[in-house]
Amino acid sequence: MTRPGTLPSNPNSARPTGAVSFAALERAYEQSHEAILVTDADNRIIAANPAFCRLSGLARDELLDTNPDTPVLPQLQAAIRASLQSEDFWEGEIHDQSKGGTRFTRWLKLTAIRGEDGYICNYVANLSDLDSDKEVADRLAYLAYHDPLTNLPNRLAFEAQLAQALRLCERDNHQLALMVIDLDNFKNINDSLGHHFGDDLLQQVAHRLRECVRSSDLVARLGGDEFVVVLPEIETPLTAARVASKVQVNLGDSYRVGEHVLYATPSIGISLFPIDGLDPNTLLRNADTAMYHAKNAGRNNHQFYTARMNEAAGERLQMENELRQAVSGIAPGHCEFSLHFQPQIQTATGKVIGLEALLRWDNSTFGRVSPMRFIAIAEDTGLILPLGDWVIWETCRLTRSLKDQGMDDVRVAINISAQQLRHDNLLLLIRGALACYDLSPRDIELEITESTAMQNPEVTLSILDQLAAMGIMLAIDDFGTGYSSLAYLKHLPINRLKLDRSFVTDIETDANDAAICTATIALGHSLGLELVAEGVETEEQRDFLARLGCDTLQGYLYSKPMPFADVVAYLQSHQIPIE
Ligand code: C2E
Ligand code: CA
Ligand code: CA
């Protein structure tokens, strides 16, 4: 039996685990001079070794009885709380006080332990003596100038080294290139798989980046998934272009992280000294602007900064202002927004069974703006909330109008973005709109993208459960572009999977895409889900998908999204099942 406060017992304790037996590990823990503390995910102490008891002046039982809200070692437990969920490893100096009032200083290493499901189950705190002031100073200096995750120089070190490199270039009349590198898919990976997978990926990226450049070049991590490379003393900008291409090729290759194969292509912006700027700030700002251009140009490419890019940045700001005004001016009669509808066809019968509502914006300055563009701005600025509310109400209003004209059996799908889904008011809003237009929950469907469904799994699950309990149909949009596992999807109360257009486009020519479609349809069906294919443009694609048993089809082959005025006529002429 395990005494409380000793290491939790190993169910296989009789069996030696590899070279080190569990008993040996237990002895090491018991006899270590370093104080070791183990807490659960809620910061409750579950084990402490004798060295820890000596340091804290508390007996094991006293430690185990403590409430995390009234900590015995406030500094230590605050450090654990601060790192909750955000980091898997932290180290630094802490000062605290034992029960008897003796003050102590220790070097704390805090490690989060994750279970097989990826959730944190324990924290292990390891407190060691500070051997000498010199050692502490060295460690602190190292941490001050390095990113602990990748060991690359951090922003502070980068700024100092860039300033130094610029002085040398100025003196010797050399050119220098600064590259800002941002990963295209990182947020998606981090949100859907969790920080620990994200961290592992970033370490591999750092390693590959170093391999792309010479040892005299500077590689640093500025934070998140943003890296910089400085190439001092380049002969011509072509050198920078060559290095950028090499970075694209190397980083674009697949990564193995745990059991996943991941892709994280880079978008790269380049600025040159002296033509694009003379000081670190200007060069960094301009390289950043170029990087955003690389993103807008379809990602996975590199762009050199040009003065014209600032005009585009100005344009985006202007568009943001126009969007803000358009949203605040939403009123019946003179509204810049409208909804178009695209039919969804039952594969087996050719019957129209649903419509997807797609938002349109016609602006006096910019004309018709692509939803890909303005919805991204609406999401960045929070305008998506009022705009999304309008989409829900307007869809319900028009659905009522369809019913009044005798079109009673088409369901209308509404796209819901991540912020809307997590906003408190979503359920009330939907209830209100349904009641107002005398609709049943079965008359509408909500589409959420795969990556939205993967963010904050617990919160998402609870919201989706409430929506499903109301009787609302739920679909996963753009399926195949994220990293969700079917094991996770199994727990969500969803009805349909919408296979992303990118797989359908090349279904006949790309064996990979065909295999993905085939497997997804089969697996989806085995989970009891209905499969919808998006972007069906040709009869060949339709036939291929029909052979795979795909239930529903949507795409230009049947119709482009059309204004409401045309929907009624379309439905009237297509509602007769094809024999
Ligand atoms: P989505 O939800 O994946 O919508 C499907 C998009 O594919 C639509 O683009 C549609 O016009 C297009 N499409 C449909 N069939 C075909 C086809 O056969 N070939 C090709 N090439 N394209 C096809 P659209 O209307 O430009 O919308 C783009 C995206 O904007 C949507 O992608 C959705 O993510 C977002 N969006 C549109 N309306 C709303 C909205 O009301 N709320 C939110 N949150 N997002 C919206
Ligand atoms: Ca959609
Ligand atoms: Ca889609």
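Which domains does the domain assignment of the chain give? There are three entries to keep in mind while browsing these views: domain 1 (22-135), domain 2 (146-305) and domain 3 (332-574), with bounds that come from an automatic or database domain assignment.

This is a predicted model, in which local features need pLDDT of at least 70, side-chain atom pairs count only at pLDDT 80 or more, and totals for chains, interfaces and linings use all residues. Residues are numbered from 1 along each chain as its sequence is written, chains are lettered from A and ligands numbered from 1 in the order in which they are written, and side-chain values use heavy atoms, with hydrogens and water left out.

**View 1. The whole chain and its domains.** The C-alpha atoms fill a box of roughly 85 × 75 × 50 Å along the principal axes, and the centres of domain 1 and domain 3, taken over C-alpha atoms, are separated by 49 Å. You will find 22 helices and 22 strands; these are DSSP runs numbered from the N terminus, helices being H or I with at least four residues and strands E with at least two. Of the 579 residues, 47% count as buried (buried is under 20% relative accessible area, exposed over 50%, partly exposed in between, with a 1.4 Å probe and protein chains only). Among contacts with a separation of 6 or more, 62% come from residues 24 or more positions apart, where contact means heavy atoms within 4.5 Å.

**View 2. The calcium ion (ligand 2) and its donors.** Glu356 (OE), Asn415 (OD1), Glu447 (OE) and Asp477 (OD) are the protein donors here, at 2.1 to 2.3 Å from the ion. Donors are N, O and S atoms within 2.8 Å of the metal (3.2 Å for Na, K and Ca); water is not among the atoms, so sites may look incomplete. Along the chain the donors follow the spacing E-x58-N-x31-E-x29-D. Glu356 in strand β14 and Asn415 in strand β16 (residues 411-415) link distant parts of the chain, 59 residues apart. Glu356 counts as buried at 4% relative accessibility, whereas Asn415 is partly exposed, with a relative accessible area of 28%.

**View 3. The calcium ion (ligand 3) and the bridge to ligand 2.** Asp477 bridges the two calcium ions, ligand 2 and ligand 3, which lie 4.0 Å apart. The protein donors of ligand 3 are Asp477 (OD), Asp478 (OD), Glu534 (OE) and Glu534 (OE), at 2.1 to 2.5 Å, and their spacing reads D-D-x55-E. Asp477 is buried, with a relative accessible area of 6%, while Asp478 is partly exposed at 26%.

View 4. The structure holds 6 aromatic pairs (rings of Phe, Tyr and Trp, the last by its six-membered ring, pair if their centres lie within 6.5 Å; planes under 30 degrees apart count as stacked, over 60 as edge-to-face and the rest as tilted). Phe337 and Trp361 are stacked, because their ring centres are 6.1 Å apart and their planes are at 25 degrees. Phe337 sits in strand β13 (residues 337-346) and Trp361 in strand β14 (residues 352-363), 24 residues apart. Phe337 and Trp390 are tilted, with centres 6.2 Å apart and planes at 50 degrees. Trp390 belongs to helix α13 (residues 384-404), so this pair ties together parts 53 residues apart in sequence. Phe337, Trp361, Phe374 and Trp390 form one aromatic cluster.
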